[in-house]
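I opened this notebook to record what I looked up in one structure.

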Amino acid sequence: MAIVGFAVAIPVTLLISGGDDDEPAQPPPTTEAGPPPLGPAERDRGIGVRYQVSDGWRQEKKASAIRLRSPDRNAQIVIASPAPASESESVLDDALAALRSGYEDVDVTSGSGPRLGGLRTKGAVARVRTREGARLRVLVAVTKGERRAYLVEVFTAADAAPERIREAQVTLNSLKFLN
């Protein structure tokens, strides 16, 4: 459930007020922004994932993880396959332990959420503070494929722009785990 709360797309509403007092009041028009544009589909056979990245985001691939970062560095997604499927429970425990040891004032709310990448998800949402004092929100999601456990972590600055959250959400929605 916590994952659902974080993952809800944030609609952008524009309100335009009427002119002078002589004109009858008109309801303000609203528009909802469409999804942010995505780049072409990417595939990493080593990790076993297919995904698309929001335009302008940078990606860095290493043997064991993919790091996607927004242009302003206020949002970051890490996708990894750190263990076999049989160890998926320990992947979540280890990820949360790493948050607790690497950050201060860690507040974790555990839960399970909808499918991610086509697989059932268990995870948590955490609010943390860096040693420098910056506040972050962290989504930790673990899915279990046929052969692999997948770890997805989304880090956002507490004051990240709604557009960055939407871009991260669209990227998460594009994930497809391949085994």
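**Entry 1: aromatic rings.** I worked on a predicted model. I began with ring pairs, and the count came to one aromatic pair. The pair consists of Tyr 150 and Phe 177, which are stacked, with 4.1 Å centre to centre and 25° between the planes. I noted the label "stacked" because planes under 30 degrees apart count as such. I then looked up where the two rings sit along the chain. Tyr 150 belongs to strand E9 (residues 148–157) and Phe 177 to strand E10 (residues 176–177), so the pair links distant parts of the chain, 27 residues apart.

Entry 2: In general, nonpolar side chains of soluble globular proteins tend to be buried together. The largest nonpolar core here has 22 residues, and those that touch the most other members are Ile 77, Ile 79, Val 152, Leu 175 and Phe 177.

I listed the surroundings of Ile 77, leaving aside its neighbours within four places in sequence. Ile 77 is in contact with Trp 57, Ile 66, Arg 67, Leu 68, Val 152, Glu 153, Val 154, Ala 168, Thr 171 and Leu 172. A second, separate core has 19 residues, among them Val 78, Leu 99, Ala 124 and Val 128.

**Entry 3: helix H3.** Helix H3 covers residues 162–174, 13 residues in number. From its first C-alpha to its last, H3 reaches 19 Å, close to the 18 Å expected at 1.5 Å a residue. How many residues of H3 are buried? I recorded ten of the 13, and H3 is thus mostly covered. The buried residues include Ile 165, Val 170 and Leu 172, and also Arg 164, Arg 166 and Glu 167. Ala 168 and Thr 171, which are in contact with Ile 77, are likewise buried in H3.

**Entry 4: strand E5.** I looked up two further residues of this strand. Ser 81 is found in strand E5 (residues 75–84). Leaving aside neighbours within four places in sequence, Ser 81 is in contact with Ile 47, Ser 64, Arg 148, Ala 149 and Tyr 150. For Ala 149 I noted a backbone oxygen that lies 3.3 Å from a polar atom of the Ser 81 side chain.

Gln 76 also has its place in E5. Gln 76 counts as buried because its relative accessibility is 17%, and the limit for buried is under 20%. With neighbours within four places in sequence left aside, the contacts of Gln 76 are Arg 67, Leu 68, Arg 69, Glu 153, Val 154 and Phe 155.

Entry 5: I followed the pairing from E7 onwards. Strand E7 (residues 119–129) and strand E8 (residues 135–144) run antiparallel and are joined by nine bridges. In this pairing, Lys 122 stands opposite Val 142, and Ala 124 has Val 140 as its bridge partner. E7 and E8 form a hairpin with five residues between them, and Gly 133 in the turn has a positive phi of about 105°.

E8 pairs with E9 in the antiparallel sense, again over nine bridges. Val 142, the residue opposite Lys 122, also stands opposite Leu 151 in E9. E8 and E9 form a hairpin with three residues between them. I checked the burial of E8: seven of its ten residues are buried, and E8 is mostly covered.

**Entry 6: the three-stranded sheet.** Which order do the strands of the open three-stranded sheet have? I recorded E1-E2-E10, with antiparallel pairing. Strand E1 (42–44) and E10 are the edge strands, each pairing on one side only. E1 and E2 pair over three bridges, and Asp 44 stands opposite Val 49 in E2.

Entry 7: Gly 102 is partly exposed, with a relative accessible area of 31%. The C-alpha atoms of Gly 102 and Arg 129 are separated by 9.4 Å, and the two residues are 27 apart along the chain.

How values were computed: Residues numbered from 1 in each chain as written. Predicted model: local features only at pLDDT ≥ 70, side-chain atom pairs only at ≥ 80, totals over all residues. Heavy atoms only, no water. Helix = DSSP H or I, 4+ residues; strand = E, 2+ residues; numbered from the N terminus. Polar contact = N/O pair within 3.5 Å; in protein donor to acceptor, adjacent residues only side chain to side chain. Contact = heavy atoms within 4.5 Å. Expected span 1.5 Å × (residues − 1). Buried < 20%, exposed > 50% of the residue type's maximum accessible area, 1.4 Å probe, protein only. Phe/Tyr/Trp six-rings, centres within 6.5 Å; stacked < 30°, edge-to-face > 60°. Pairing = 2+ DSSP bridges. Core = buried A, V, L, I, M, F, W, Y, C linked by side-chain atoms within 4.5 Å.
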